[in-house]
Amino acid sequence: MRSAFGQQFDVPSGYLNTASIGVPSAAIADIVESAIRGWRTGGGRPGDYDESVEIARAAFGKLVGVDAGRVAIGSAVSQLVGLIAASVPDRTRVLVASGEFTSVSWPFAAQAARGVTVTEAELEKLGDLAGEYDLVAVSVVQSADGRVVDLDALRAAQAGGTRVVLDATQALGWFDADLGWADVVVAAAYKWLLTPRGVAWMAIAPGVEVVPHQAGWYAAADRWGSIYGLPLQLAADARSLDTSPAWYCHAGAAVALPWLAGLDRAAVHAHCVGLADGFRAALGMEPAGSAIVAVRTAGAMDRLTAAGVVASGRAGAARVGFHLYNTDADRDRALDALTG
């Protein structure tokens with residue numbers, strides 16, 4: 001067990017794979033285990049999880065910088081981005097980063113039959129080019145290598161009429177930035193938000209029109225009074241885009257997200273980036289202000305694995321990520337593997 005930011009973690013030494021799967025605190029894992037035990041013993045009831053859904057929804061809103069009424073729930077980023085992509089007008093011109101995570105770019109590419117076009121550009125050029133497009137869809141922090149998009153440039157493009165869709169999956173939980181200005185912010189929970197896989201959220205700005213293509217009973221104004229029959233009676237806010245929640249995952253989210261939202265975000269950011277930039281410096285790399293580092297040295301992944309460091313291979317590199325539960329010892333173990 002190790003302590004970090006007031007919580008206890010069972011994370012093993014050398015675990016640097018949060019960019020793939022985050023490790024929950026003991027408190028988060030205990031509540032999920034309790035929920036599954038209730039299921040196993042016949043003690044769970046569907047309505048029991050509504051409170052957890054709303055607690056996590058509000059905390060996600062706080063992390064992004066919006067009120068809970070602007071937040072919809074889903075199960076994956078591609079599902080939520082797909083709602084946006086299916087709702088844009090015909091012939092919408094979309095700009096994405098080259099090598100972008102496909103859950104961000106593919107939903108728009110799938111709309112080609114309607115004349116929607118998707119153009120790739122280098123991440124560093126996105127801000128300069130954004131004003132030429134109707135919509136920009138991009139990860140705040142790139143999954144493959146941890147590069148951070150120029151949010152100020154995108155915000156300037158938005159002021160000129162370009163819609164901005166942000167995937168914050170690799171950012172929320174450690175990255176200290178205001179995202180509430182964006183037209184859409186989506187994020188999955190199972191990485192830096194330390195919640196079981198199966199939960200995602202989407203924050204939507206006023207004026208963004210989204211067709212509730214997946215409308216079901218959980219999107220109703222009165223959920224438990226709208227299980228059967230017509231007419232369609234959707235919630236008046238972003239809940240109209242909800243899909244049925246993965247109950248046990250939301251039980252964990254209701255513990256994880258309020259805790260993360262209540263932390264000193266600047267301190268978390270400094271801790272994670274401090275470890276990552278220290279790691280980069282020791283390898284002769286420039287600081288990047290990101291918790292994710294891609295190591296392109298030949299054999300890096302094999303050497304890390306042999307040393308008991310948990311990392312992931314992405315886009316031809318060994319990817320490591322430093323979260324709030326990581327320590328100097330984790331960083332040094334990886335450095336010894338790569339430089340020893």
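How are α1 and α7 oriented to each other, roughly parallel or roughly antiparallel? This is a predicted model, in which local features need pLDDT of at least 70, side-chain atom pairs count only at pLDDT 80 or more, and totals for chains, interfaces and linings use all residues. Residues are numbered from 1 along each chain as its sequence is written, and side-chain values use heavy atoms, without hydrogens and water.

The axes of helix α1 (residues 26-40) and α7 come within 8 Å and cross at roughly 150 degrees; axes are lines fitted to C-alpha atoms, for helices over the stretch in contact, and angles run from 0 to 180 degrees between N-to-C directions. Helices are DSSP runs (H or I, at least four residues) numbered from the N terminus. α1 and α7 are therefore roughly antiparallel to each other (over 145 degrees; under 35 counts as roughly parallel). Residues in contact (heavy atoms within 4.5 Å) include Ile 31 and Trp 39 of α1 and Tyr 248 and Val 255 of α7.

Helix α2 (residues 50-64) also comes within 8 Å of helix α7 (residues 247-262), axis to axis, with a crossing of roughly 30 degrees. That makes α2 roughly parallel to α7. Among the contacting residues are Phe 60 of α2 and Leu 257 of α7.

The largest nonpolar core has 66 residues, and Leu 166 and Trp 201 have the most contacts inside it. Such a core is a set of buried Ala, Val, Leu, Ile, Met, Phe, Trp, Tyr and Cys residues joined through side-chain atoms within 4.5 Å (buried: under 20% relative accessible area, 1.4 Å probe, protein chains only). α7 gives the most to this core, with 7 residues.

Notes:
Helix = DSSP H or I, 4+ residues; strand = E, 2+ residues; numbered from the N terminus. Parallel < 35°, antiparallel > 145°, perpendicular 65-115°, else oblique. Buried < 20%, exposed > 50% of the residue type's maximum accessible area, 1.4 Å probe, protein only.
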